[in-house]
Amino acid sequence: MTHDLFAGMILARRFQVVRLISDKGGMARVFMVHDLQDTPPSPWALKQLRPEQRADKGVLKLFDQEADLLKSLSHRNIPKFRMRFDEGGEAFLALEFISGKTLADIALGQGRPADQSKVLQWSSQICDVLDYLHTRRPPIIYRDLKPDNLMVTDDGVIKVIDFGIARTYKKGKSKDTVSIGTEAYAPPEQYGTEQTDERSDIYALGATMYHLLTNGYPPHARMPGTPTPVIAINPLISQQVSDIVARSMHKERSQRFQSAAELKRVIDALLPVHGVDLSGPRAGPAFPPPSVTFPKPPQVCPSCGGACPAQARFCRYCGHSFVRLAPALLYMLQPYGFNWEKPLLSDQSLMIGTSVGGGSPGFDLSFYDKDGYVSRRHASISPSGSQYVLTDLGSTNGTFLNGIRLTPNSPATLRNGDRIRLGQVVLQFRLRA
């Protein structure tokens, strides 16, 4: 058995193991190998199906399906197929070795939203490969587009990796045999109610753009209401790009872009080489003249009109805060299995409750409140100076902040990491870095 591969080990009489690349995948681990049949030996990526997964016929079928698909495809944005083989009772797949990083690693390393022009350039390439897949006969639906499955090579080429759950579209079929994908990037129809099609991949691309442009998880497709616009979280992007993301992620697929080619045309029109220059301000002269510093004028309090020092954090007369409200979000902790964030807006309150009894609050928890613990108008979160406050609105079962039940209609200041419980739903308040 070859459970533990080691450097120098040779498989299939040709692939020499160099090093482990990734052990994060749930289905397989990936190694860098050299194909000794090439002169000189060439680098390839070798996927090893995890031994504990081999007994699962469904998983093995997905592994073989990936091999069969890649063998039939040829596109600059798709890794080249080399060989599928078994050895020592285990399954292996040799593919093109890609020198680069995933978009997930790039986003994590930056710790901030990605540059808009860069996201558009990446997205245009992703549209190319989606259009290639969708125009096969029958069409191939990728179904797991996300930053973790998109690599950027050292020369800027996007590679779509991991075709394990891609599937061919079956005309006339009401829904997919298996509902599978990654929660934050999957469209509503991927939860087993309908068959996924080309527009399902467009939703996932929109969700990927959302992640990159906000540096946060996209809203769950089953989360109530309309997702917070990207521009409300990252005001540095253009309204056109925010609209592209919103349309791509529309819950009704008839309202999304209807093809990857259509989406690419819209994206390419915004790239600097085609039209609007989104690259930001131009660099100034190499040697700017020395600046002259003048004392800052006093701040005028918008609440009482009093004049305060420029550096003052609060008004000396009425206590108004001059400190800018930090961006924040709600992160769902319970029910388990849901993975999304809801950004809070700095200029308006968020009503939390359910739609039971008519009307619809700003944040509808009906989907997560099967036993009816959450009131229709349960609580609200509002900006207050430089902070956010949580207020219970007289709910039947109460609002709990860090385990303590709040007094109705008495605002409580929220701090980073605070836990909010409404019935069986638990949310965490987080400040965005």
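## The strands and their sheet

Strand S2 (residues 15-22) and strand S3 (residues 28-35) run antiparallel and are joined by six bridges, strands being DSSP runs of E with at least two residues and helices runs of H or I with at least four, both numbered from the N terminus. Within this pair, Arg19 has Met32 of S3 as its bridge partner.

The model is a predicted one, in which local features need pLDDT of at least 70 and side-chain atom pairs count only at pLDDT 80 or more, while totals for chains, interfaces and linings use all residues. Residues are numbered from 1 along each chain as its sequence is written, and side-chain values use heavy atoms, with hydrogens and water left out.

An open sheet is formed by six strands in the order S1-S2-S3-S4-S6-S5, with antiparallel pairing (two strands pair if DSSP finds at least two bridges between them). Strand S1 (10-11) and strand S5 (81-87) stand at the edges with a single partner strand each, so one side of each is left without a neighbour in the sheet.

The axes of helix H4 (residues 116-134) and helix H8 (residues 260-268) come within 8 Å and cross at roughly 160°, where axes are lines fitted to C-alpha atoms, for helices over the stretch in contact, and angles between N-to-C directions run from 0 to 180 degrees. H4 is therefore roughly antiparallel to H8, a description used for angles over 145 degrees, with those under 35 counting as roughly parallel, 65 to 115 as roughly perpendicular and the rest as oblique.

Among the residues that make this contact are Leu120 and Cys127 of H4 and Leu263 and Ile267 of H8, contact meaning heavy atoms within 4.5 Å.
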